[in-house]
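Visitor: Could you walk me through a few features here? I'd like to know how to read each one.

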Amino acid sequence: MMSLPTFSQRPEIVALTARQTLDAYSARHLSPVDVLEDVLARIARFEPALNAFTLVDAEAARAAARESEARWARGAPMGAADGIIATVKSNIAAAGWPTRRGSTTQPETPATHDAPVVAHLRRAGCILIGQTTMPEFGWIGVTHSRLSGITRNPWHTERTPGGSSGGAVVAASLGLGHFHLGTDGAGSIRIPASFTGAFGIMPGVGRVPAYPASPFGVLARLGPLTRCVEDGAAMLQIIAGADARDMSHGGAPVPDYAALLNNGIRGLRVGYSATLGFVDRLDPAVRTACTAAAQRLTEYGAIVEEDDPGFTRAEAEKPLQTLWLAGCAFVVGTVPEVLRGAIDSGLLRAAEAGRGLSATDVLQAMADRAALYENMRRYHEIFDVLLTPSMPITSMEAGRELPASGRFGPEWFDWSPYTWPFNVTGQPGASVPVGLDGDGLPIGLQIV
């Protein structure tokens, strides 16, 4: 951990974790105004090239920073994250900002209410600085749209940061705030975390409240994207509180995630699967890095064994396809017909396929989902966690739905086979960075 700055030595603000930043506020080494101005300056520096934001509300953020500064001066911070800067993906409602969801078809009318996760961040004292970019309605695993153009990877600007939470992960990677809200319906937190060397976690179903419900239904969840695991734990602690508007939220007590980070993993039973039993296109550098990371856990007392979870690609893909395509049809159906010509052509094709599904097809998908869940329940009777690569590749070319290599199938989820099975099962899944490939691009390990 970095030592706290002194009065005579101004810290490199971007290097501080959220906890260190709060400690610096408490010790009067920094103020929220200092941190905000540092972040705004770096947004101005990086934003033209990387395109992480659809909206930066500097005026409101400065007002919030001054209020936070005054509370710290009185020794009366508002909550667990007073003065910590946060961003909101543009499909999550934040009062006063439009919720355009990456689409030119959505109105610029400001939202009148906060989504539960946004309300939780505000109550904790977070300073909301702006909205981050995403593809249209979050329908693909990269980030470009007619609304905001192409979002680029900080590690290599000709590559994508992934998606659909692409703007959020760019902000996380560059330290443009500590807490960044993402959503994940088929990998949209874990794909960008893997492609940029960030930490991202898709919580289990019902852990983080959602309102309004996602058009992608039971597949979709909200979660943190952060530059380090410690910040992700702190953020999840805040956003995981119950909200009565989410019928899936069981109201279970929220663990102290930050404290649990210190518990160690001695005796943890770890299953490692490099291919899930069916992935046949895996970059050698990804396999090497993920295998080495899995085996290194034995140094900390974990019991690691290579073992596939035992389901086929078809068993996971069939319910995913049905529920995803139905979601695409639903979301396109909410757009007035006169505006649909402006929608991404790939999303229109997916919506057309979704309109061909029947209610019986959707009910069958739910039954298949339950069977896949039962498969994983049995797996976890043996193993506490499953480790896999987060992605079979490192970041691909920006502005494309499919890698230029043509190694994968015709759909975007063909190159992301490790993520979406666990949207179907409803389990939590995280991506942590474990190295770089020969081109200096990050590699992620998935923890399920």
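Visitor: Which residues form one aromatic cluster?

Guide: A quick note before that: this is a predicted model, where local features need pLDDT of at least 70, side-chain atom pairs count only at pLDDT 80 or more, and totals for chains, interfaces and linings use all residues. Residues are numbered from 1 along each chain as its sequence is written, and side-chain values use heavy atoms, with hydrogens and water left out. Now the cluster: Phe195, Phe216, Trp324, Trp412, Phe413, Trp415 and Trp420.

Visitor: And how is an aromatic pair described?

Guide: By the distance of the ring centres and the angle of the planes. Rings of Phe, Tyr and Trp (its six-membered ring) pair if their centres lie within 6.5 Å; planes under 30 degrees apart are stacked, over 60 edge-to-face, and the rest tilted. Searching the whole structure turns up ten aromatic pairs. One of them, phenylalanine 311 with phenylalanine 422, is edge-to-face, at 6.3 Å centre to centre and 75° between the planes.

Visitor: Which parts of the chain does that pair link?

Guide: Distant ones, 111 residues apart: phenylalanine 311 sits in the loop between E10 and helix H10 (313–333), phenylalanine 422 in helix H13 (residues 421–425). Helices (H or I, at least four residues) and strands (E, at least two) are DSSP runs, numbered from the N terminus.

Visitor: Are phenylalanine 311 and phenylalanine 422 buried or exposed?

Guide: Buried, both of them. Buried means under 20% relative accessible area, exposed over 50%, partly exposed in between (1.4 Å probe, protein chains only). Threonine 196 counts as buried too, because its relative accessibility is 2%; that residue lies in helix H6 (residues 190–196).
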